[in-house]
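The sequence and the model may be consulted alongside.

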Amino acid sequence: MAQNIRPAAVAGKFYDADALRLRNDVRRCYDGAAIMAPLSKKERESDSALQAVIVPHAGYVFSGVVAASAFLRVPEDAHYDNIFLLGPSHYVAFEGASVATAFDAYRTPLGDVPANRELCKKIEASSDVFTYNPAAHDREHCLEVQLPFLQYRLKTMPKIVPIIIGTQDFASLKRIADALKPYFTANNLFVISSDFSHYPSYKDAVNVDGNTGRALESGNIDDFIDALEKNDSLHIRNLYTSACGQCAISVLLLMAQQDNSNTMKEGLKMHHVTYLNSGDSPYGGKDEVVGYHSFTLTRAKENAKNTASTDFSLSDDDKLQLLNVAWNAITPDSMHKKVTPTAVFERKLGVFVTLTKHGHLRGCIGHFGEDIPLGKITSKMARAAAFEDPRFPSLRTDEIDDIDIEISVLTPLKRIHDINEFRYGKEGIYMRKGFRSGTFLPQVADEVNWTKEEFLGHCAQDKAGIGWDGWKTAELYTYMAIIFGSHELWKH
């Protein structure tokens with residue numbers, strides 16, 4: 001089936017249309033960023049994960065180094081499920097936000113960037129504040145110019161979710177933020193596209209951009225809005241706006257704030273990276289300039305793990321491809337199915353693979369841990385279930401047609417400090433004390449008639465070997481299992 005590719009709209013205008021020259025230009029931006037805003041020792045050793053960046057969207061000769069200074073904070077080997085791209089509409093006026101549901105990929109001179117079309121459609125259907133407005137995406141540059149920076153930086157490019165916002169109505173922005181909150185987790189990166197002051201003098205830009213930047217660094221949306229209003233009240237000559245992407249920035253701040261509060265959620269922190277304006281470029285004058293800030297929003301890793309556990313999910317395509325991986329691991333080459341890896345293949349998660357024959361167990365082996373990519377460990381556990389389960393003889397070729405595969409993918413671990421946080425019957429438990437550890441999968445609760453305390457006691461005694469009451473002084477973690485089988489998605 002032919003893919004619908006969104007062509008590069010501003011190649012040759014905002015950035016070079018030649019792939020080699022563009023790659024060299026992006027490299028020079030990163031080199032400049034490493035000099036102007038180098039990663040500090042504190043940043044390198046920080047126990048935080050990058051949740052979002054705020055970056056400018058002008059031509060690379062003006063704002064490229066500022067954008068690169070934020071993208072420099074994205075780990076090169078990071079594996080995100082999706083990258084959400086949010087920015088303002090420059091060419092079309094409309095209410096709400098437009099999600100790019102029409103495209104399978106965005107094209108740049110550096111190659112095609114896959115779009116998560118399925119997720120885009122899901123978001124569009126989630127609220128009437130979303131629509132798909134083709135004109136909002138056709139000529140828009142604010143998201144496109146971010147892609148070469150990401151393509152150059154990341155070893156594995158995840159799918160993107162492009163969203164253009166056409167409103168500054170606060171109630172609408174709140175609805176957009178509420179709809180996107182389920183995806184505002186450590187598994188996804190948010191890229192917020194915004195320039196800052198437009199067209200004041202160089203000196204005035206430094207002043208108003210300083211006001212806006214300090215307010216934004218607080219992470220408080222009221223401070224941010226107050227700063228925009230204060231700048232407007234100064235009646236500075238030729239100041240058209242203090243932040244052209246204030247709609248996208250506001251959505252980020254609304255997603256990050258505590259419920260019923262304007263302060264940020266615990267573990268989230270906004271960091272200012274650097275500032276320049278177009279007057280700092282040899283190609284720009286000093287009379288009418290545009291300001292460029294870059295920011296990062298980080299999430300404490302413990303906090304990131306806690307949110308990831310409940311928000312992690314698998315699409316039907318993720319499930320199908322993992323089943324194909326498992327099938328290929330236990331069958332001869334002649335029976336192999338085509339595997340198209342998805343972004344989730346690179347997530348480091350635990351997995352159990354179960355084989356049944358006519359409804360009876362034929363092998364089950366799992367790996368509990370977050371140290372091996374899911375695609376690789378699924379293949380390994382499928383082979384182990386077929387040929388290494390000591391309870392059964394190795395799987396024979398003549399049995400394969402009668403085999404069903406079931407996979408249990410374990411969501412990221414969530415540390416708990418009180419057993420009231422443990423949702424018995426829905427979550428599994430993992431406990432660790434010293435060098436001993438043990439786990440019960442969530443489905444074990446369906447097979448026994450135990451209370452929550454008995455469940456913990458049996459796990460401590462029978463699995464971890466730390467005694468019946470050992471769970472009371474052990475580290476406790478919960479997780480969920482996403483269970484799916486070949487009988488659901490394909491038959492052989």
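In which loop is Asn238 found? The model is a predicted one, and in it Asn238 belongs to the loop between H9 and helix H10 (246–256). The backbone of Asn238 deserves attention, for its phi is near 70°, a positive value in a residue other than glycine. Most residues other than glycine have a negative phi. With a relative accessibility of 34%, Asn238 counts as partly exposed.

His358 counts as exposed, its relative accessibility being 58%.

His198 touches Asn238, together with Leu239, Tyr240, Thr241, Cys244, Val289 and Val290, when residues up to four places away in sequence are not counted. His198 itself is found in the loop between strand E9 (188–193) and H8. Is His198 buried or exposed? Its relative accessibility is 9%, and His198 therefore counts as buried, since the limit for a buried residue is under 20%. As a reference across the model, the C-alpha atoms of His198 and Ser40 are 31 Å apart in space, and the two residues are 158 apart in sequence.

Two packed helices are described by the angle between their axes and the distance between the axes. For helix H8 (residues 202–217) and helix H9 (residues 221–233), the axes come within 8 Å and cross at roughly 165°. H8 is therefore roughly antiparallel to H9, as angles over 145 degrees are classed in this way. The crossing of the two helices is right-handed. Which residues form this contact? From H8 come Val208, Asn211, Thr212, Ala215 and Leu216, and these meet Asp223, Phe224, Ala227, Leu228, Lys230 and Asn231 in H9.

His293 is found in strand E11 (residues 291–300) and is buried, with a relative accessible area of 4%. What polar partners does the side chain of His293 have? One is the backbone oxygen of Asp209, which lies 2.7 Å from a polar atom of the His293 side chain. Another is the side chain of His272, with which the side chain of His293 makes a polar contact at 2.9 Å. Asp209 and His272 are also among the residues that His293 touches, leaving aside those up to four places away in sequence.

How many salt bridges does a search of the whole structure find? The search finds 19. In one of them the side chains of Asp128 and Arg175 meet, with an N to O distance of 2.1 Å. This pair links distant parts of the chain, 47 residues apart: Asp128 lies in the loop between helix H4 (117–126) and strand E7 (130–131), and Arg175 in helix H7 (residues 170–180). Asp128 counts as exposed at 67% relative accessibility, whereas Arg175 is partly exposed, with a relative accessible area of 38%.

Asp178 pairs with Lys174, the closest N and O atoms being 3.1 Å apart. Because these two residues are four residues apart in helix H7, about one helical turn separates them. Asp178 is partly exposed, with a relative accessible area of 34%, and Lys174 counts as partly exposed at 29% relative accessibility.

The side chains of Glu399 and Arg396 meet in a salt bridge with an N to O distance of 3.7 Å. Glu399 is buried, with a relative accessible area of 3%, while Arg396 counts as partly exposed at 45% relative accessibility. Both residues take part in a network of salt bridges that links Lys357, Arg362, Arg396, Asp398 and Glu399.

Methods: Residues are numbered from 1 along each chain as its sequence is written. This is a predicted model: local features need pLDDT of at least 70, side-chain atom pairs count only at pLDDT 80 or more; totals for chains, interfaces and linings use all residues. Side-chain values use heavy atoms; hydrogens and water are left out. Buried means under 20% relative accessible area, exposed over 50%, partly exposed in between (1.4 Å probe, protein chains only). A polar contact is a pair of N or O atoms within 3.5 Å; within protein, one must be able to donate a hydrogen and the other to accept it, and residues adjacent in sequence count only if both atoms are side-chain atoms. Contact means heavy atoms within 4.5 Å. A salt bridge is a side-chain nitrogen of Lys or Arg within 4 Å of a carboxyl oxygen of Asp or Glu. Axes are lines fitted to C-alpha atoms, for helices over the stretch in contact, and angles run from 0 to 180 degrees between N-to-C directions. Angles under 35 degrees count as roughly parallel, over 145 as roughly antiparallel, 65 to 115 as roughly perpendicular and the rest as oblique. A crossing is left-handed if the near helix is turned anticlockwise from the far one by less than a right angle, and right-handed if clockwise.
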